[in-house]
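Please keep the sequence and the structure in view while working through them.

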Amino acid sequence: MPSRTLLTGAKLCLPSEVVSDAALLIEGGRIAAIGAASADFDGDRRDFAGHTVYAGFIDTHVHGGLEHDVMDATPEALAAIGQHLARHGVTGWLATTVACPAAQLDAILTAVARAMASPHGAPILGAHLESNFLAAKYKGAQPAEHLRAPDDAELLAVIERHKATIRVVTLAPELPGAMQLIAQLVAWGIQPSIGHTDATYDQVKAAHGAGATRVTHLCNAQRGLHHREPGVVGAALTLDLYAEVIADLQHLHPAVVEIAYRCKGASKLVLVSDALRGTGLPPGEYELGGQRTTLDGRVAKLADGTIAGSVVTLGRAVANCAEACNVPWAAAAAMAAATPARSLGLTDRGELVVGQRADLAVLDAGGACVATMIEGLWVSR
Ligand SMILES: [Zn+2]
């Protein structure tokens, strides 16, 4: 493997602008220089004329892809999802579960921890429990029979046992005992995320005060904005919370993405795929948490029409934000890399800046990923 790589010819999506006349030098797994290319460079030289180089995408909400799901809990499934994500420019992701029995969750988290120790493709940065502690009214595509109260001792024991693996737990803060759970999660070093919830504005504000840091898929499966009761959406738009956005142009109207961007800016919006088992596959029927979903090529739905997650890639989501939602390109890219990284406390990646990890996604003019680099090594070409 060459230890030095020079990328030339491509546009570079830097933190505040896209430039077209600079080269990117990679050394020792880090970005070593951004600027003029030297003619006598003796390492691995790649010309990406007509392409754009982004900081590698970080997806904090992934259920699966290519017929595999995190819930399968096998090394093969987790490796296949990691490789699939890497082919689409993702250089880190949170393995995301749906509501399930405690014993099953225990097995999944054991498998995730093992996969983190020997990564295939895009490394798993931890687990995101889109948990059992959700409101039935806003369960979305979550299996209702596995919803539990936030003080469920069996589940809490599993979460405590795997606290080093779990990064985010989505929960409904209006449930009895949710505030204690939020405080407990914070004490375990886990980020509480507000989602699948009928919470009022005041309840979200209280959850934020108790330590909640994020909102799961803004506007989807949560109490909307009313002019006398701003709800979860009004709280998410005004409080200092990270908010996930599914920018497949199906889950949210483009104007709603624009409103979210105007309210919160790129530093608080986290583009996520919420990608399902059917991602990367042709239209058809695929399983989610024991339920059948139908994928029409754009979005997956349950039999009753409930949207059940997306099949968007983060590269496509960035392009959607820039092309359809009036978000500047550099800001849209930050929402898929720098902001999710910062939201997980990772400061060594997410931007094309000298000294950052050389995690890169190279996209063609149509937004398709043609190459991915993780810590200076090509993982997909
Ligand atoms: Zn999800």
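**Exercise 1: A loop residue**

Asn220 has a relative accessibility of 15% and therefore counts as buried, where buried means under 20% relative accessible area, exposed over 50%, and partly exposed in between (1.4 Å probe, protein chains only). The model is a predicted one, in which local features need pLDDT of at least 70 and side-chain atom pairs count only at pLDDT 80 or more, while totals for chains, interfaces and linings use all residues. Residues are numbered from 1 along each chain as its sequence is written, and side-chain values use heavy atoms, with hydrogens and water left out.

Task: state where Asn220 is found and which residues it is in contact with, leaving aside neighbours within four places in sequence.

Solution. 
- Step 1. Asn220 belongs to the loop between β15 (214-215) and α6 (231-238). Helices (H or I, at least four residues) and strands (E, at least two) are DSSP runs, numbered from the N terminus.
- Step 2. Beyond neighbours within four places in sequence, Asn220 is in contact with Ile246, His251 and Leu252. Contact means heavy atoms within 4.5 Å.

**Exercise 2: The zinc site**

Task: identify the protein donors of the zinc ion and classify the site from its angles.

Solution. 
- Step 1. The protein donors are His61 (NE2), His63 (NE2), Glu130 (OE) and Asp274 (OD), at 2.0 to 2.2 Å from the zinc ion. Donors are N, O and S atoms within 2.8 Å of the metal (3.2 Å for Na, K and Ca); water is not among the atoms, so sites may look incomplete.
- Step 2. The angles among the four donor atoms run from 86 to 175°, and the site is irregular. Four donors count as tetrahedral if all angles lie between 85 and 135 degrees; four count as square planar and six as octahedral if opposite donors are over 155 degrees apart and all others between 65 and 115; anything else is irregular.
- Step 3. Along the sequence, the donor residues follow the spacing H-x1-H-x66-E-x143-D. His63 lies in the loop between β8 (57-62) and β9 (64-65) and Glu130 in strand β12 (residues 124-130), so this pair ties together parts that are 67 residues apart in sequence.
- Step 4. Both His63 and Glu130 are buried.

**Exercise 3: Strand and helix**

Task: describe the surroundings of Ala127 and find how many residues of helix α9 are buried.

Solution. 
- Step 1. Ala127 lies in strand β12 and is buried, with a relative accessible area of 0%.
- Step 2. Not counting residues up to four places away in sequence, Ala127 touches Leu94, Ala95, Leu109, Val112, Thr165, Ile166, Arg167 and Val168.
- Step 3. In helix α9 (residues 329-336), seven of the eight residues are buried, so the helix is largely enclosed by the rest of the structure. Among these buried residues are Ala330 and Met335.

**Exercise 4: Contacts of a strand residue**

Task: locate Thr8, decide whether it is buried or exposed, and list what it touches.

Solution. 
- Step 1. Thr8 is placed in strand β1 (residues 4-8).
- Step 2. At 11% relative accessibility, Thr8 counts as buried.
- Step 3. Not counting residues up to four places away in sequence, Thr8 touches Ala23, Ala37, Arg45, Arg46, Asp47, Phe48 and Ala49.
- Step 4. Thr8 and Gly177 are 169 residues apart in sequence, and their C-alpha atoms are 55 Å apart in space.
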